[in-house]
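Work through the following exercises with the model open beside the text, and try each task before reading its solution.

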Amino acid sequence: MSYLEYTVTRVPTGPSKVLYVNWALVLLLCAVASVGFLMLYSVAGGNLERWAEPQMKRFALGLFVMFVVAFVPIWFWRNMAALAYGLSVLLLVAVELFGEVGMGAQRWIDLGVIRLQPSELMKIALVMMLAAYYDWLDINKVSRPLYVLMPAVLILIPTALVLKQPDLGTAILLLAGGGIVMFLAGVHWLYFAVILGAGVGAVSAVLSSRGTEWQLLKDYQFRRIDTFLDPDTDPLGAGYHITQSKIALGSGGWSGRGFMQGTQSRLNFLPEKHTDFIFTTLAEEFGFLGAVSLLALYVLIVVFCVSAALKNKDRFSSLLTLGVAATFFLYFVVNMSMVMGLMPVVGVPLPLVSYGGSAMLVLMVGFGLVQSAHIHRPRGR
Amino acid sequence: MKRSSRDNDESGRRISRRMMVLGGAQAVMAVALALRMRHLQVTEADTYRMLAEENRINIRLIPPIRGMVYDRAGHVVAENEQNYRIVVVREDAGDVEETLARLTRLVPLDEETIERAMREINRHSPFVPVTVADRLHWDDVARVAVNAPALPGISPEVGLSRHYPLGPDFAHLVGYVGPVSESDLAQIETPDPLLRIPRFQIGKTGVEAKYEDRLRGKAGTRRIEVNAAGRVIRELDRIEGQPGSDLQLTVDAGLQNFVQARLGEESAAVVVMDVERGDLLALASSPSFDPNLFVRGISVADYRVLTDTPYRPLSNKTVQGAYPPGSTFKMITALAALEDGVITPEETVWCPGHLTLGTRRFHCWKRGGHGHVNLIASVEQSCDVYYYDIGQRVGIDKIAEMARKFGLGEVFDLPLSAVGAGLVPDRAWKRARRGEEWRVGDTLNASIGQGYVLSTPLQLAVMSARLATGRAVVPRLVKSIDGVEQPSGAGEPLDVNPANLARIRRSMDAVVNSRRGTAYGSRVVAAEMAMAGKTGTSQVRNITAAERAAGVFRNEDLPWERRDHALFVAYAPVETPKIAVSVVVEHGGGGSAAAAPIARDVTLRALHGDVPPLSAYPDRQRWEIEERLRKLRLRDPGTAPSSGRSRA
């Protein structure tokens, strides 16, 4: 890059950064979060304090964090990538050793102020780490075996730790999110073909391990797979979630049963209606129109991120933005697929809508990074 | 330069290319999600809407009120009485044990009841009402209601349960209801959902069982919204059911009561029938039992008392009992012979006291014989040899045909449990069932109503009604359903020569009203209520030659179960018959001594409409009769304790 080029491009500094924030994206995030508040208010039976209000506070905190992250130059975050990744791995190990057991899985670490879920943190840290790695790597070496192995290990370490908790949903998200960043970075097709083939082999290995001494998944995970494959076998037992969730969705019809009128959620037929299954309440009360609208909002967020990323000139910014967008995409695709009976129930929340702190905060940090890349992009005068 | 990142056009292009591929995949996934939503929410919406409604809405049945049963005068025979119970709801009760302890101070409840209630309370969700005590007295319920503030979560409830105000009088006839059992359900192909209600009561025997479908009525429904835990949120709507039909029986409760009382503890059966329309005016089987015991759930001890006695109180002997008709069958044999022309009414038969057939000797009941006997005398004095002779001449098949004409061997379509067929034997029957040829000796036995011949008291009453009217009267038990009169039992004229029938009737008149008649002692002196009939004494054992030689066949010397059955069939008044009566006293001894007096009392009660007037009895018997009638414990059906506040 010549000096001349440098002089015609500049990076916003100081308070002027506010002007360069991707405000449309912020607006979209607020819109999705508002849908969440509305639904949390509804599933609480018109109670604001129960879920909606804490969620609002968290989102407000998330917005604040997002702006803080956004105003810090993107190259600072690139330099922090390895640290964030290392810290997240350490936290995952710590959770393994000292973590609280919640919902049958070791997932939380209590920091006193906030109960942290390191696996959530890892989703962003991993994307940062990989983006930084490919930023560092010579573009021509990307497909060399050694340089493919290194990011693969970077992905597999946290995935294995999360799987051990066990948290199948997050493990899938990490694996897929990491894989997508590698794919975007230009790793050769063949690697993915081989991995995919190996994946199929692994799935069959997992399934065939059932009932043996070296069983790779816990019984409840196997049961979830069973009931996914055929929820009708046990409609009142393990298949209950999927069956009831599909009933709620379907009964919404074209335009829904009306705000706070969903009988499935109102009468407690829906499981975890304020967390993983909140989409069903939305679909029940606002119907196909409501559900598709939320899907459209999500897709729009991804599209905004992608279009921003394609304007980014440096590899770190591009890959980071696309990685965050891909992670976000995976979140809602997996959640919606699972409540609609397209995937086993793996415990992935609906991003920005499901009740819960860690996931939202981490996502907002991710969008902060996206904004930071956007703001600190060199622009022509 | 602040930035050290590699800004590389080649890298940017590569990322863009890969992003196109990924974006394409993502778009496919997003579209797939949207299509899935469309499938679930638009295409399949109706299905899932229905499933959601099924989830949310429970349909509860409202049990219909069971139909009432009345006698022919409108007296209540079966009704529904209010039944008070106390229920507790755990979530309202707070400290359940303390509350129940307070309850026991008001209502006497034993330890076991409380323990069972506690178990049930803890098993159910906290909002489910659990019955603590059932069938309580009104006073207890009132005490609980007054003390309601001290008894949180406890409330009295009222339900309906079956009650039979006339108690044992109609036990065999109307039967009783009881909770549906598994075997009941197994017998029905598509059970009414009502039957699935715990402790729902259905007819178990008698009219209650046979008219179950009409008496039960149709269930109403109540649609209620429930949540996932089953708690009722609200009632959406209700459709009232249809109460069961009310039945009116042909039976006269007063007469029925009189008959039951008259039979006392005797093991006996009496049928009183209107000869015009076939209405069964009384259908009494003795001893009886209290059907209300079964409604409440009879105790093992009480049940054993009923099953352990040879008097078989649970059996309805009027239709289930099968007895050799004995001499009451002689009219059939005589009529068959007259119709066939093998004898004339005046023709006499010489009775030396027995008839010899090959090496066997068939005895007449009178050892010395009756001498020359014609038709009238043979019935009047019940000469056996006369019937051996004419029976042999006419043959069993003609006799059997005549018997069937008069209702013997026929299963009448009455709403009673296990209506028996009796047995009218003939050649074909013996070949088919026994694989043996019919012998002349069989004919001799059959011609005096012994041997294979069996009849129910109902069939005997039908026989005398048909003899009295010459029409094929059919018995009926249900007069009307919901006020709709049921078809009457007045039948077509029988294909029998009326002159021959008149001769038989004259001979039956002689049995009671002629000085030499076997039932002369049971005559009625009031001409307008005079009775005609026929005695019967049927052996339940064979008298061995040794016994005959030793002279041991005095009934009184035998154990009860080997004594003869005493029978009597009658119709009255003689000139214009209104009623037909049959009486069977199991192991009662002679028909003239044990059965005829009962038949007379019953006939008089039926014709007079009240306790028989002493003036209808012969002078010399009056003080004895008066004594007997005075001892009868009768009840007026109109003042029966039908309000049903009786305590369980």
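**Exercise 1: an open sheet in chain B**

Task: in what order do the 5 strands of the open sheet in chain B lie?

Solution. The 5 strands form an open sheet in the order E12-E11-E21-E20-E19 of chain B, with antiparallel pairing; strands (E, at least two residues) and helices (H or I, at least four) are DSSP runs numbered from the N terminus, and two strands pair if DSSP finds at least two bridges between them. Strand E12 (280–286) and strand E19 (532–538) of chain B stand at the edges with a single partner strand each, so one side of each has no neighbour in the sheet. From one strand to the next, the twist averages 5°, where axes are lines fitted to C-alpha atoms (for helices, over the stretch in contact) and angles run from 0 to 180 degrees between N-to-C directions.

Within this sheet, strand E20 (residues 565–572) and strand E21 (residues 579–585) of chain B run antiparallel and are joined by 7 bridges; Leu567(B), for instance, has Val584(B) as its bridge partner in E21(B).

The basis of the values should be kept in mind: this is a predicted model, in which local features need pLDDT of at least 70 and side-chain atom pairs count only at pLDDT 80 or more, while totals for chains, interfaces and linings use all residues. Residues are numbered from 1 along each chain as its sequence is written, chains are lettered from A and ligands numbered from 1 in the order in which they are written, and side-chain values use heavy atoms, with hydrogens and water left out.

**Exercise 2: helix H22 of chain B**

Task: which strands does helix H22 of chain B lie across, and at what angle do H21(B) and H22(B) pack?

Solution. Helix H22 (residues 498–513) lies across E19 and E20 of chain B, running at about 75° to E19(B). Helix H21 (residues 457–469) of chain B packs with H22(B) at an angle of about 115°, the axes being 8 Å apart. The contact (heavy atoms within 4.5 Å) is made by Leu467(B), Ala468(B) and Thr469(B) on H21(B), and by Leu501(B), Ile504(B), Arg505(B) and Met508(B) on H22(B).

**Exercise 3: the surroundings of Ser382(B)**

Task: is Ser382(B) buried or exposed, and with which side chains does that of Ser382(B) make polar contacts?

Solution. Ser382(B) lies in the loop between helix H16 (375–380) and helix H17 (384–394) of chain B. Its relative accessibility is 3%, so Ser382(B) counts as buried; buried means under 20% relative accessible area, exposed over 50%, and partly exposed in between (1.4 Å probe, protein chains only). The side chain of Ser382(B) makes a polar contact of 3.1 Å with that of Ser327(B) and another of 2.9 Å with that of Lys534(B). A polar contact is a pair of N or O atoms within 3.5 Å; within protein, one must be able to donate a hydrogen and the other to accept it, and residues adjacent in sequence count only if both atoms are side-chain atoms. Beyond four places in sequence, the contacts of Ser382(B) also include Trp365(B), His370(B) and Thr518(B).

**Exercise 4: an enclosed helix**

Task: why is helix H20 of chain B described as largely enclosed?

Solution. Of the 8 residues of helix H20 (residues 440–447) of chain B, 6 are buried, so the helix is largely enclosed by the rest of the structure. Among the buried residues are Asp442(B) and Leu444(B), and the covering elements include helix H15 (330–340) and strand E14 (354–357) of chain B. Just after H20(B), Gly449(B) takes a positive phi of about 75°.
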